[in-house]
Amino acid sequence: MKTQVAIIGAGPSGLLLGQLLSKQGIDNVIIERAAGDYILGRIRAGVLEQGMTDLLREAGVGERMDREGQIHTGVELAFNNKRVKIELEKLTGGSTVMVYGQTEVTRDLMEARSAADLTTYYESSNVVLHDVKTDSPYVTFEQGGEEYRLDCDYIAGCDGFHGVSRPTIPESSRKEFERVYPFGWLGVLSDTPPVNDELIYCKTDRGFAMTSMRSATRSRYYLQVPLTDKVENWSDDDFWTELKRRLPDDVAEKLITGPTIEKSIAPLRSFVCEPMQYGNLFLVGDAAHIVPPTGAKGLNLAASDVATLNKILTRVYKDGDKACINQYSEICLRRVWHGERFSWWMTSMLHDFGDDGANSTDAQTYGRFMSSELNFYTDNEAGRRVIAMQYVGLPYEDLS
């Protein structure tokens, strides 16, 4: 088989790239190790920046998002039993975010790809990338007991942190930066109305909590928990009781509880691989970078990578301009590091790091620093504007 662009991974970044390339007449094939139903069953982020919503509309998959998504003009930070609203629209000159679940984004993209009869191989095994430094890269994989070879011009590695794309780059040619946090997020999805119209990020002596939503009737809530915790140790009653303890009193009084339909614990890490390109292999999204979810940047950074790679490959095939190829990593990493820093900063301000040493003077001092930081940035409009500008996201960069 032969195609112009081989895409490894059928998550939202791989599907979005494939859709955008197809709109430009650029042939592409997606190879995915998991089943489609498994991908749709993964519960992930749901806060989309303006750049991502624009990109989904450009890809022709924004109709349901615009109909069912919820535009948010602000978010709240809660601490010391008080609530501070970050007025995104007012503080940024009109920018907002949209709440629309990653699962729904993925479903829209899958349906569009299927309707366009574009080639996708699910449940592929033994995926190997070959000759990525040459002008004739190819991918081998197994499907239904048969071996396949896919020749291509370029390979987009959209297969996540544990995929095969990043390890294809020799260790001598990549540098990785990582910080693993000493806690995770216990997340619960429930068919209950959200406790608040906008997201609330809560800092408490008992640990971080967050209230979010997927729709007017479906809520998403999170609790900071030790990495040693297990989902089976948390009954529904235990979760709701602890959540109420961490919410401001007036919010806790309004909380409607019910059976949970999904419960999981996600570890938090900051991770970046440099460079994001090796020959004709491009790393996209989680294959190259991971952020803690506190800043709502993960899916949006992946979309930024997709936007950049789409522009580059469109210029290559439409204008014959291959000189722009080597700009990919530099452009992407500028935005990635902005997102990494903001996510680290929000995580540091809002979480309890006491588990690193409750009796340690350094740990207590760090906690005081972060409490002071939070007060400083929320007590004045200039500080709130700094948070708002970063939360809504930077504009996607153009090629030079």
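Contact, as the word is used in this report, means heavy atoms within 4.5 Å. The structure described here is a predicted model, in which local features need pLDDT of at least 70 and side-chain atom pairs count only at pLDDT 80 or more, while totals for chains, interfaces and linings use all residues. Residues are numbered from 1 along each chain as its sequence is written, and side-chain values use heavy atoms, with hydrogens and water left out.

## Thr294 and its surroundings

Helices (H or I, at least four residues) and strands (E, at least two) are DSSP runs numbered from the N terminus, and in these terms Thr294 belongs to the loop between E20 and helix H10 (298-319). Not counting residues up to four places away in sequence, Thr294 touches Trp185, Tyr201, Leu268, Ser343, Met346, Thr347, Leu350 and His351. Buried means under 20% relative accessible area, exposed over 50%, and partly exposed in between, with a 1.4 Å probe and protein chains only; Thr294, with a relative accessible area of 0%, is buried. The side chains of Thr294 and Thr347 are joined by a polar contact of 2.7 Å, a term for a pair of N or O atoms within 3.5 Å, where within protein one must be able to donate a hydrogen and the other to accept it, and where residues adjacent in sequence count only if both atoms are side-chain atoms.

## The sheets

Strands of a sheet pair through backbone hydrogen bonds, either parallel or antiparallel, and here two strands are said to pair if DSSP finds at least two bridges between them.

Another open sheet has three strands in the order E3-E7-E4, paired in the antiparallel sense. E4 and strand E7 (residues 97-99) are paired over three bridges, and Ile71 has Met98 in E7 as its bridge partner.

## Aromatic rings

Rings of Phe, Tyr and Trp (its six-membered ring) pair if their centres lie within 6.5 Å, and planes under 30 degrees apart count as stacked, over 60 as edge-to-face and the rest as tilted. The structure holds 20 aromatic pairs. One of them is the tilted pair of Tyr154 and Phe282, with 6.2 Å centre to centre and 50° between the planes. This pair links distant parts of the chain, since Tyr154 is in strand E12 (residues 154-157) and Phe282 in strand E19 (residues 281-283), 128 residues apart. Tyr154 also pairs with Tyr317, their ring centres 6.1 Å apart and their planes at 85°, so this pair is edge-to-face. Tyr154 is buried, with a relative accessible area of 5%, whereas Tyr317 is partly exposed at 26%. One aromatic cluster is formed by Trp185, Tyr201, Phe208, Tyr222 and Tyr391.

## Backbone features

A cis peptide bond, with omega about -5°, joins Glu274 and Pro275, and Pro275 is found in the loop between strand E17 (260-274) and strand E18 (277-278). Glu274 is touched by Leu333, which also touches Val272, Cys273 and Met276, not counting residues up to four places away in sequence. Leu333 lies in helix H11 (residues 328-350) and is buried, with a relative accessible area of 12%.
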